[in-house]
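Please look at the fold below and work through how its parts pack.

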Amino acid sequence: MLVTTIIPVYNRAAMLRAAVACVLAQTYRPIEIVIVDDGSTDDTFAVAEELARRHPEIVVVHQANAGPGAARESGRRIARGELIQHLDSDDIILPRKFELQVAGLAAHPECGVSYGITCRRLADGSVAPQPWGRTAERIETMFPAMLRSRWWATITPLYRVSLLAAAGPWTNLRMEEDWEYDARIAALGVRLHFVEEVVAEQCSHNAGNLAGHGLRPDNLRYRAAAHESIFRSARRAGITNDAPEMQHFARELFLLARQAGAAGLTDESKRLFALAREASAPAGQLRVYGMVARLIGWRNAGRIATMSDHLRWRKSRS
């Protein structure tokens, strides 16, 4: 089976060489590499073309900057493989990843995805002692666990291409696009194959406070849209309000509703609040918040709530 690796890249020429090298180092063949240059303004595209001239397995696509999800979709549309690997340009897959996961999917045709243990390589070059998320656990299906969090990294799974076709295209979201996409795959009821070995390394960098970036209005819009889609996927999968994972997600919806309100995103705040109620988050707290928001406005209510959340967080840390 041909394995296609899709590498979206933006202004990371040096990292792109390392990413391509780890795919070429795979013990498994045949392989294909699709590099999608997402509107780089440095020499990334030139590096990609140079690599393609040296390695016939590589195909290069250049497009205007549209974000990682849209770049992955451009790669998916031209991929020829029966199996798809996503690889961000700053991450690494280990040499036997394809060998182990392809063998697992061949032996288990009932499974649509194979995953293995993923480690986190820290900015100082060391490897964190704990695996990424829940990648060291044997989990039979993506839902309901995927509703609590995206418990693997983008590099962890190897997908059957037929499954991705059924899930539909990547969106133009620029935050949580990978979680939203995996939730749509999870809604298909796919069964998972597990490799009990380390197959990949997710690399961390000192790139600032991503949590703070996530509270910017534009990013909150993306996160709101992603959470709404994840909720719909969970419902299609038959996850009911009495599931602990749904209760957890309801609280996430309520928190995000408050943050969106504080940022002045009234429409998003209202929609997320309505979903939190539908998902049966703590009813008393929701009733009080809804009354306050209607009385003083969704923005003011969101600001007060987020200030209160921050004070509680600081108290818990002291």
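In this predicted model, eight strands build an open sheet with mixed pairing, and their order is 3-2-1-4-7-6-8-5. Strands here are DSSP runs of E with at least two residues, helices are runs of H or I with at least four residues, and both are numbered from the N terminus. Two strands count as paired if DSSP finds at least two bridges between them. Strand 3 (58–63) and strand 5 (92–93) are the edge strands, each pairing on one side only.

Residues are numbered from 1 along each chain as its sequence is written. Local features need pLDDT of at least 70 and side-chain atom pairs count only at pLDDT 80 or more, while totals for chains, interfaces and linings use all residues, and side-chain values use heavy atoms, with hydrogens and water left out.

**Strands 1 and 2**

Strand 1 and strand 2 run parallel and share seven bridges. Strand 1 is largely enclosed by the rest of the structure, because seven of its seven residues are buried. Buried means under 20% relative accessible area, exposed means over 50%, and partly exposed lies in between (1.4 Å probe, protein chains only). Val3, Thr5, Ile7 and Val9 are on one side of strand 1, Thr4, Ile6 and Pro8 are on the other, and all are buried.

Strand 2 is mostly covered too: eight of its eight residues are buried. Ile31, Ile33, Ile35 and Asp37 point one way, and Glu32, Val34, Val36 and Asp38 point the other way.

**Strands 6 and 8**

Strand 6 (residues 111–121) and strand 8 (residues 191–203) also pair in the parallel sense, over 10 bridges. Cys119 has Glu201 in strand 8 as its bridge partner.

**Helices on the sheet**

Helix 1 (residues 13–24) lies across strand 1 (3–9), strand 2 (31–38), strand 3 and strand 5. It runs at about 165° to strand 2. Angles are taken between N-to-C directions, from 0 to 180 degrees, and axes are lines fitted to C-alpha atoms, for helices over the stretch in contact. Helix 2 (residues 44–54) packs on the sheet as well, touching strand 1, strand 2 and strand 3. Its direction makes about 155° with that of strand 3.

**Helix pairs**

Helix 9 packs with helix 7 and with helix 11.

| Pair | Angle | Axis distance |
|---|---|---|
| Helix 7 (residues 177–186) and helix 9 (residues 217–236) | about 15° | 8 Å |
| Helix 9 and helix 11 (residues 266–278) | roughly 25° | within 10 Å |

Helix 9 is therefore roughly parallel to helix 11. Angles under 35 degrees count as roughly parallel, over 145 as roughly antiparallel, 65 to 115 as roughly perpendicular and the rest as oblique. Helix 9 passes helix 11 in a left-handed crossing. Left-handed means that the near helix is turned anticlockwise from the far one by less than a right angle; clockwise is right-handed. Arg221, Ala224, His227, Glu228, Phe231 and Arg235 of helix 9 make the contact with Glu268, Arg271, Leu272, Leu275 and Glu278 of helix 11. Contact means heavy atoms within 4.5 Å. By class, these residues are four nonpolar, one polar and six charged. Nonpolar covers Ala, Val, Leu, Ile, Met, Phe, Trp, Tyr, Cys and Pro; charged covers Asp, Glu, Lys and Arg; the others, Gly among them, are polar.

Helix 7 passes helix 9 in a left-handed crossing too. Trp179, Glu180, Ala183 and Arg184 in helix 7 meet Ala226, His227, Ser229, Ile230, Ser233 and Arg236 in helix 9. This contact has four nonpolar, three polar and three charged residues.

**A buried aspartate**

Which residues does Asp182 contact, leaving aside its neighbours within four places in sequence? They are Met142, Met146, Arg150, Trp152 and Tyr159. Asp182 sits in helix 7. It counts as buried because its relative accessibility is 1%. Trp152 is 30 residues away along the chain, with 10.0 Å between the two C-alpha atoms.

**Backbone details**

The peptide bond from Arg29 to Pro30 is cis, with omega near 10°. Pro30 lies in the loop between helix 1 and strand 2. The bond from Phe143 to Pro144 is cis, with omega near 5°. Pro144 is in the loop between strand 6 and helix 5 (145–148).

Asn11 has a positive phi, near 55°. It lies in the loop between strand 1 and helix 1 and is partly exposed, at 27%. Glu176 also has a positive phi, near 60°. Its place is the loop between helix 6 (161–167) and helix 7, and at 18% relative accessibility Glu176 counts as buried.
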